Amino acid sequence: MDTLKKNIVELTHCSVSEYKGLRKLPLRVLTDNVRSMYNIGAIFRTSDAFLVDEIILAGISGRPPHPEIAKTALGAEETVAWRHVDDAVAEVECLKKEGWKVCSLEQAHGSVSLDCFSPSVNDRYLLVVGNEVEGVNQNIVDVSDVILEIPQHGVKHSLNVSSSASIALWHFFSALRALVD
């Protein structure tokens with residue numbers, strides 16, 4: 001078995017222009033007042049890896065160009081489509097009217113364990129991740145089609161928002177990757 005680590009040439013799948021032309025998942029991410037630029041950068045990087053259609057940076061969520069975003073995004077802020085909106089609730093309501101299934105990643109009564117949620121290839125999804133302290137705005141939780149919760153069994157009761165987003169995005173990618181393969 002060849003166990004040598006891959007070099008940067010072997011890891012490079014495509015150029016920025018080629019990436020922009022790739023088919024993306026029917027999946028968008030909305031950051032609801034995520035205050036850490038490092039978290040925003042990490043969400044960009046994961047979104048690049050898993051072919052997210054667009055990131056919507058809402059409220060106080062940081063926006064490129066910013067050195068702290070660039071430090072963790074490692075160029076993904078140049079590949080993943082993004083835009084900023086002032087009002088996360090209004091944006092969620094608008095996308096819901098357009099037929100996007102709103103999935104808030106939050107710990108809430110009536111939530112669905114992420115491992116029990118099966119995204120359909122026939123739907124478009126908006127994954128909403130929230131502020132590092134307050135989580136997803138309750139008004140967004142209230143209009144969500146599903147509240148997804150990552151099962152946890154340790155002493156700590158929550159994960160970092162970018163870690164949580166990464167886990168959820170991998171789950172969506174695993175279920176929907178046939179659309180882009």
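Let me start with a term: a polar contact here is a pair of N or O atoms within 3.5 Å, where within protein one must be able to donate a hydrogen and the other to accept it, and residues adjacent in sequence count only if both atoms are side-chain atoms. With that in hand, look at Ser111, whose side chain reaches the backbone oxygen of Ala108 at 3.1 Å.

Before I go on, the housekeeping. This is a predicted model, so local features need pLDDT of at least 70 and side-chain atom pairs count only at pLDDT 80 or more, while totals for chains, interfaces and linings use all residues. Numbering runs from 1 along each chain as its sequence is written, and side-chain values use heavy atoms, with hydrogens and water left out.

Okay, back to Ser111. You'll find Ser111 in the loop between β4 and β5 (112-113); helices (H or I, at least four residues) and strands (E, at least two) are DSSP runs, numbered from the N terminus. Ser111 is partly exposed, at 24% relative accessible area, and on that scale buried means under 20%, exposed over 50%, and partly exposed in between, with a 1.4 Å probe and protein chains only. Which side chain does Ser111 join through a polar contact of 2.5 Å? That's Glu149. Leave aside neighbours within four places in sequence, and Ser111 is in contact (heavy atoms within 4.5 Å) with Glu106, Ile147 and Glu149. And the C-alpha atoms of Ser111 and Leu148 sit 5.5 Å apart, though 37 residues separate the two in sequence.

Next, strand β4, residues 100-105. Five of its six residues are buried, so β4 is largely enclosed by the rest of the structure. Strands pair if DSSP finds at least two bridges between them. With β6 (residues 124-130), β4 pairs in the parallel sense over five bridges, and there Val102 stands opposite Leu126. With β7 (residues 146-149), β4 also runs parallel, joined by three bridges; Cys103 has Val146 as its bridge partner in β7.

That takes us to the packing. By nonpolar core I mean a set of buried Ala, Val, Leu, Ile, Met, Phe, Trp, Tyr and Cys residues joined through side-chain atoms within 4.5 Å. The largest one has 36 residues, and those touching the most other members are Leu27, Phe44, Cys103, Leu127, Val129, Leu148 and Phe172. At least two residues of this core come from each of β1 (27-32), α3, β2, α4, β4, β6, β7 and α7. Which element gives the most to this core? Helix α7, with seven residues. If you click on Leu27 and ignore residues up to four places away in sequence, you'll see Leu27 touching Val52, Asp53, Glu54, Trp100, Tyr125, Leu127, Leu169 and Phe172. Apart from this core lies another, of 16 residues, among them Val85, Val102, Val136 and Ile140.

Staying with α7, which covers residues 161-176, Ser162 is part of that helix. Is Ser162 buried or exposed? Buried, at 10% relative accessible area. The side chain of Ser162 makes a polar contact of 2.6 Å with the side chain of Asn160. Beyond its neighbours within four places in sequence, Ser162 is in contact with Asn39, Ala42 and Ile43.

Now the aromatics. Rings of Phe, Tyr and Trp (its six-membered ring) pair if their centres lie within 6.5 Å; planes under 30 degrees apart count as stacked, over 60 as edge-to-face, and the rest as tilted. There are six aromatic pairs in the structure. One of them is Phe50 with Trp170, a tilted pair at 5.5 Å centre to centre and 55° between the planes. This pair links distant parts of the chain, 120 residues apart: Phe50 is in the loop between α3 and β2, and Trp170 is in α7. Phe50 is buried at 17%, whereas Trp170 is partly exposed at 43%. Ring pairs also bring in Phe173, giving a cluster of Phe50, Trp170 and Phe173.

Leu51 has a positive phi of about 55° although it is not a glycine; Leu51 lies in the loop between α3 (37-49) and β2 and is buried at 12%. Leu74 also has a positive phi, about 50°, but Leu74 counts as exposed, at 58%. And between Pro64 and Pro65 there's a cis peptide bond, with omega about -5°; Pro65 is in the loop between β2 (54-58) and α4 (67-73).
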